[in-house]
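Hi,

Here is the structure I promised to send over. Have a look through it first, and then read on for my notes.

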Amino acid sequence: MLFKAARSLSLLRKPLYLSILHAASSERFYTPYSDVADRSRTRATYEPEPNRIHPTAIIQAGAVLGQGVSIGPFCTVGPSAKLGNSCQLHPGCHVFGDIELGDNCILLTGAIVGADLPGFTIIGSNNIIGHHAVVGVKCQDLKYKPGDECFLLVGDDNDIREYTSIHLSSKSSDKTVIGDNNLIMGSCHIAHDCKVGNNNILANNTLLAGHVVVEDYTHTAGATVVHQFCHLGSFSFIGGGSVVAQDVPRYLMVSGDRAELRGLNLEGLRRHGFLNTEVKSMRRAYQKIFMPIDAQTGGIEDRLAEVVQNEELSNLPVVHSMVQSIRDSFDKNRRGICKFRHWSGS
């Protein structure tokens with residue numbers, strides 16, 4: 001109905017429509033943070049920033065707005081929404097359902113956040129949601145039952161770029177969770193019930209199916225596809241165009257369709273400040289596990305046990321973490337690890 005009304009207004013009263021657009025382009029609805037800081041230093045006492053709401057925006061009764069909120073032309077804020085201090089909604093943004101936006105969140109043009117469904121969406125502070133991104137909407141799981149509660153939790157300081165989609169959980173007993181300080185590039189998809197940790201980089205067109213777990217400091221290159229229920233370990237790297245059908249242990253690199261182990265994520269480890277002694281020990285452990293000199297050393301569990309029993313290697317927490325990550329991948333309801341492929345750089 002809102003879109004029909006807006007279209008009718010544009011057809012019947014075009015001069016007014018044009019004047020509104022002109023006003024929107026000339027009036028400053030989004031106060032730069034630097035200006036706010038400069039003005040605050042000159043004030044003897046604290047004065048709350050006023051809200052700036054464009055006359056074409058629709059703020060439904062019951063919505064709660066913090067201080068210093070800017071809402072641009074043709075935005076909609078639903079009756080159950082809560083917007084924190086200094087949030088900015090650029091033209092054509094829509095906030096629906098039981099949703100809470102933390103302080104200093106920015107929704108760029110065309111972003112849609114939340115849905116009129118049972119459950120809730122909570123988004124932390126200092127998040128940017130890009131142009132035409134869709135966050136906190138109904139999942140695409142056919143097992144979802146209408147009326148079930150569904151949830152999305154997003155932390156702080158995330159950059160969610162244009163055309164990304166992030167879905168609510170598929171059932172009331174689970175949640176879709178995004179941590180802090182993640183860069184989720186354009187056209188990514190994070191499906192229902194995924195768990196994404198902190199400080200990850202998902203490059204353009206990364207697609208995570210349902211129930212995928214991404215730990216911390218993981219980096220996917222462009223056009224990566226991850227099968228449902230897979231785990232991507234911390235500090236791992238997924239090569240561009242990969243199709244990941246099994247778990248990727250911590251600190252390792254995979255590539256291909258289907259993705260295969262290609263060695264340690266050496267560049268990622270270097271960038272994140274791992275010591276040379278740690279990297280050398282992880283390389284030795286990797287070679288013992290996946291590249292044994294003696295072909296009669298037994299199965300992978302025997303080789304993992306050999307690494308654990310090696311005093312020089314087992315004393316390092318990073319080696320223990322890598323071994324535990326591999327072992328966890330063989331637990332019940334897990335998918336095992338990506339197959340090994342010899343790579344001379346390991």
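This is a predicted model: local features need pLDDT of at least 70, side-chain atom pairs count only at pLDDT 80 or more; totals for chains, interfaces and linings use all residues.

To start with a detail: in which loop is Arg258 found? Arg258 sits in the loop between strand 30 (252-255) and strand 31 (260-264).

Now the overall picture. The secondary structure of the protein chain comes to eight helices and 31 strands. The chain has 346 residues, and 44% of them count as buried. Among the contacts in the chain with a separation of 6 or more, 31% are between residues 24 or more positions apart.

Strand 9 (residues 99-101) pairs with strand 12 (residues 119-123) in the parallel sense, over three bridges. In that pair, Ile99 is opposite Thr121 of strand 12. Strand 12 is in turn joined to strand 15 by five bridges, and the two run parallel. Here Phe120 stands opposite Phe151 in strand 15.

Strand 15 (residues 150-154) is mostly covered, with four of its five residues buried. Strand 15 also pairs with strand 18 (residues 176-178), again in the parallel sense and over three bridges. In this pairing, Leu152 has Thr176 of strand 18 opposite.

Val137 has His167 as its bridge partner in strand 17.

**Two residues with positive phi**

Ser187 is not a glycine, yet its phi is positive at about 65°. Ser187 lies in the loop between strand 19 (183-184) and strand 20 (189-190). Is Ser187 buried or partly exposed? Its relative accessibility is 32%, so Ser187 counts as partly exposed.

Ala223 is another residue other than glycine with a positive phi, in this case near 60°. The loop that holds Ala223 runs between strand 25 (219-220) and strand 26 (225-226). Ala223 counts as partly exposed because its relative accessibility is 40%.

**Helix packing**

Next come the helices, where helix 8 takes part in both of the contacts below. As a reminder, two packed helices are described by the angle between their axes and the distance between the axes.

The axes of helix 6 (residues 300-309) and helix 8 (residues 317-328) come within 10 Å and cross at roughly 160°. How do helix 6 and helix 8 run relative to each other, roughly parallel or roughly antiparallel? Angles over 145 degrees count as roughly antiparallel, and helix 6 and helix 8 are therefore roughly antiparallel to each other. Their crossing is left-handed. On the helix 6 side, the contact is made by Ile300, Glu301, Leu304, Ala305, Val307 and Val308, and on the helix 8 side by Val319, Val323, Ile326 and Arg327. The residues of this contact divide into eight nonpolar, no polar and two charged.

For helix 5 (residues 276-290) and helix 8, the axes come within 9 Å and cross at roughly 35°. This crossing of helix 5 and helix 8 is right-handed. Glu278, Ser281, Met282, Ala285, Tyr286, Ile289 and Phe290 of helix 5 meet Val318, Val319, Met322, Val323 and Ile326 of helix 8. Here the residues of the contact comprise 10 nonpolar, one polar and one charged.

Conventions
Residues are numbered from 1 along each chain as its sequence is written. Side-chain values use heavy atoms; hydrogens and water are left out. Two strands pair if DSSP finds at least two bridges between them. Buried means under 20% relative accessible area, exposed over 50%, partly exposed in between (1.4 Å probe, protein chains only). Axes are lines fitted to C-alpha atoms, for helices over the stretch in contact, and angles run from 0 to 180 degrees between N-to-C directions. Angles under 35 degrees count as roughly parallel, over 145 as roughly antiparallel, 65 to 115 as roughly perpendicular and the rest as oblique. A crossing is left-handed if the near helix is turned anticlockwise from the far one by less than a right angle, and right-handed if clockwise. Contact means heavy atoms within 4.5 Å. Ala, Val, Leu, Ile, Met, Phe, Trp, Tyr, Cys and Pro count as nonpolar, Asp, Glu, Lys and Arg as charged, and the others, Gly among them, as polar.
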